[in-house]
Amino acid sequence: MNPRHELTDLTICRAFFAAWVFAYHVDLYLNFSRVLGPVADLIRHGYLGVDGFFILSGLILARVHPEIGGEAQHNMAAHAPLRFQLPSAGVTCRFWGKRLARIYPVHLASIVVLACLIGGGLAVGWMPRDPSRFGLISLLQNLFLVQGWGGISQGAWNYPSWSVSTEWAGYLVFPIAWYLMAYSGEVVSLQILIAGFTVTGLVYFLNGQSLNLAFADGLYRFFPEFLVGIATTRIVHVVADVSAIRLASLAGGSFMALLGASLGFDLLAVVGIWLVLFAFLMQADAERPAILGCRLALTWLGRRSYSFYMTFAIAELLMSQYFRHHGWTPQSHGFIFGVGMLTITLGLALSFYTMVETPCRQLADRWLMVPAPVQT
């Protein structure tokens, strides 16, 4: 399997996760789930799309950065003595640089847009719904990407970015985690995977049987699922060629994810999401065609899912201020609110992806390119 090759199935999953989170937040205003009957909780638990992103993040990072785990496997092949040894500084710094270039430009752009909107609104006498969200201290925490590390108990500035902050914490420890898993072998990775789900279960029960932890508590939710994703990539090759396991994981995971979300059983839903992602990764590792096939529209949306996720709060601010100015409530004009949210979010996402995310990523790839070996 080519680790750099895009996995269409997982890209499409990103589109579904982002849409699920978006629908959940729109439902907080419109409560449209009340007319969906038995599947209402599927929308009301749309925050579980973030858990899908957390697992997917660890899984994808381990797949596309074999150079980090590869050092450990090289040491094992060379029969090096077992000792704690960090990946090389060059590999680690290039990894951190690429990941920061992946997430920070869009994050910063969203803060700049929000600052302009808030400043312009104050100039014409429009106050945001909750001015305390836009304080200086929370701004500094957002700029340093530490707002999800326990310092903020509410959504501040671009509030969905709390999860990006936790992802950044994961990126900082990823080189060590992936190196140690690669060095230790499949059995230890399997144990870490089981431990990750055990900790997630404890978090679920200690939080009143819910995984909807965010902001100051986000790390408790993130790290177990992130490590599950890394461990999954380490063990996938063991079972990838067994078609029965792939099919059982896909069918069983889809059923568990839908049932868990529909019943409000978050832990079951997350295990189901993991099984589906595991099935997709096994399919790719076995070098089989994508299970979901060629879905150009969904793949297109999946590639833009990060910008989409990072801009819906801006759309929410604009629509809320517009409705307050006209004396409307979202539920009284639900269609206008929903269409406005979707239109603005898509427009911003396309702009951010084209003018910020893509050029910054390409620039970082050029700057952080591995130097060609000097020929002698």
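Predicted model: local features only at pLDDT ≥ 70, side-chain atom pairs only at ≥ 80, totals over all residues.

Trp 157 is buried, with a relative accessible area of 6%, where buried means under 20%, exposed means over 50% and partly exposed lies in between, using a 1.4 Å probe and protein chains only. Residues are numbered from 1 along each chain as its sequence is written, and side-chain values use heavy atoms, with hydrogens and water left out.

Trp 157 sits in the loop between helix H7 (147–151) and helix H8 (162–184); helices here are DSSP runs of H or I with at least four residues, numbered from the N terminus. Most residues other than glycine have a negative phi. Trp 157, although not a glycine, has a positive phi of about 55 degrees. Phe 215 also has a positive phi of about 55 degrees without being a glycine, and its place is the loop between helix H9 (186–206) and helix H10 (218–239).

Let us turn to helix H5. Arg 99 lies in this helix, which covers residues 89–123, and Arg 99 is buried yet has no salt bridge, a term that requires a side-chain nitrogen of Lys or Arg within 4 Å of a carboxyl oxygen of Asp or Glu. How far away is the nearest side chain of opposite charge? That side chain belongs to Glu 167, and it is 6.5 Å away. Leaving aside neighbours within four places in sequence, Arg 99 is in contact with Leu 61, His 65 and Tyr 171, contact meaning heavy atoms within 4.5 Å.

Thr 92 lies in helix H5 and is buried, with a relative accessible area of 10%. Thr 92 and Pro 175 are 83 residues apart in sequence, but their C-alpha atoms are 6.5 Å apart in space. With neighbours within four places in sequence left aside, Thr 92 is in contact with Pro 87 and Pro 175.

Finally, we come to helix H15. Leu 346 has its place in helix H15, and this residue is partly exposed, with a relative accessible area of 31%.

Methods. Helix = DSSP H or I, 4+ residues; strand = E, 2+ residues; numbered from the N terminus. Lys, Arg positive; Asp, Glu negative; His and termini not counted.
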